[in-house]
Each structure stands twice: as structure tokens, then as C-alpha cells.
Amino acid sequence: MKAFRKHIEWMVFLTGLVLLAFMNPESSGTSFCVFDLLGFDFCPGEGLGHSIAYSFRGNFDAAIQAHIAGPAAILILSGRILSIWRTLYYSSTLTKETENNG
């Protein structure tokens with residue numbers, strides 16, 4: 001279970017990005033916005049998923065129109081995934097060296 005906990009964050013982020021990459025940005029579906037579900041008209045993340053989907057297709061004009069933070073979200077999440085992978089790699093390398101030298 002401990003090994004799974006180390007990997008849950010990057011797996012969730014990567015799964016989300018992959019699902020959004022394959023999402024049809026032209027479709028409208030159920031909203032997962034808590035504000036929208038509570039009856040408010042304003043949702044701060046409205047259009048973010050569509051923006052990410054447009055970005056993966058290279059349609060940056062539509063991505064910015066859907067939500068300005070979409071392309072930045074891809075970069076931030078990708079950077080976080082790489083950071084986690086790097087940390088896991090170096091911690092496993094140090095563990096192997098300690099086991100071999102110990």
C-alpha cells in the first residue's frame with residue numbers, strides 16, 4: 001500500500017491529462033463544478049477541461065477563449081508529474097546504492 005501511495009499523485013494527474021486529451025472539446029456534458037451544483041452562475045474553472053482539450057489539438061485560440069489557464073495547466077501538471085518521477089527515481093537509486101554498499 002505504501003508503494004501505491006508514492007505513485008497516486010502522478011497517476012491521477014497523468015490520467016486526467018490523457019482523458020482530457022481524448023475528450024471532444026465541442027461536446028457539452030455534465031458539469032462537475034461545485035458552485036454550479038450549488039446553483040451559482042459563476043464557476044471559476046468553467047471551460048478549463050475544454051481549454052486543455054483544445055490545447056492538445058493545437059487550437060490555442062479556442063483554448064484561450066474557453067479558459068485562459070488551460071495551456072498553463074498542462075505545463076504545470078506536466079512539470080509536477082516530471083518532478084515526482086525525478087524524486088522517485090533518485091530515491092530508488094539512493095536506496096539501491098545503500099543496499100549494494102551496506
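Biologist: Which residues is Phe 35 in contact with, leaving aside its neighbours within four places in sequence?
Modeller: Contact means heavy atoms within 4.5 Å. By that rule, and with those neighbours set aside, Phe 35 is in contact with Phe 40, Phe 42, Cys 43 and Pro 44. This is a predicted model, in which local features need pLDDT of at least 70 and side-chain atom pairs count only at pLDDT 80 or more, while totals for chains, interfaces and linings use all residues. Residues are numbered from 1 along each chain as its sequence is written, and side-chain values use heavy atoms, with hydrogens and water left out.

Biologist: Where is Phe 35 found, and why does Phe 35 count as partly exposed?
Modeller: Phe 35 belongs to helix α2 (a helix is a DSSP run of H or I with at least four residues, a strand a run of E with at least two, numbered from the N terminus). Phe 35 counts as partly exposed because its relative accessibility is 40%; buried means under 20%, exposed over 50%, and partly exposed in between, using a 1.4 Å probe and protein chains only. Between the C-alpha atoms of Phe 35 and His 50, which are 15 residues apart along the chain, the separation is 18 Å.

Biologist: Where in the protein is confidence lowest, and where is it highest?
Modeller: Confidence is given as pLDDT, a value from 0 to 100 for each residue. It is lowest in helix α2 (residues 34-37), with a mean of 83, and highest in helix α4 (residues 60-66), at 96. Over the protein the mean pLDDT is 88, and 93% of the residues reach 70 or more.

Biologist: Which residues of helix α3 are buried?
Modeller: In α3, residues 48-56, the buried ones are Ser 51, Ile 52, Ala 53, Tyr 54 and Ser 55. Take two of them. Ser 51 has a relative accessible area of 0%, so it is buried. Not counting residues up to four places away in sequence, Ser 51 touches Ala 63, Ile 64, Ala 66, His 67, Gly 70 and Pro 71. The C-alpha atoms of Ser 51 and Ala 73 lie 9.4 Å apart, although 22 residues separate the two along the chain. Ser 55 is also buried, at 8%, and with the sequence neighbours up to four places away left out it touches Phe 60, Ala 63, Gly 70, Pro 71 and Ile 74. After α3 comes Gly 58, with a positive phi near 85°.

Biologist: Which residues make up the largest nonpolar core?
Modeller: Nonpolar side chains tend to be buried together in soluble globular proteins. Here the largest core has 8 residues: Trp 10, Leu 17, Ile 52, Ala 73, Ile 74, Ile 81, Ile 84 and Leu 88. Two elements, α1 (2-22) and α5 (70-101), each give two or more residues to this core. Its largest share, 5 residues, comes from α5. For a core, buried Ala, Val, Leu, Ile, Met, Phe, Trp, Tyr and Cys must be joined through side-chain atoms within 4.5 Å. Leu 17, apart from neighbours within four places in sequence, is in contact with Ile 52, Phe 56, Ile 74, Leu 77, Ser 78 and Ile 81.

Biologist: Where is Ser 91, and what is its relative accessible area?
Modeller: Ser 91 sits in helix α5. Ser 91 is partly exposed, with a relative accessible area of 34%.

Biologist: Which element gives the largest share of the lining of the largest pocket?
Modeller: Helix α3 does, with 4 residues.

Note on methods
pLDDT = per-residue confidence, 0-100.
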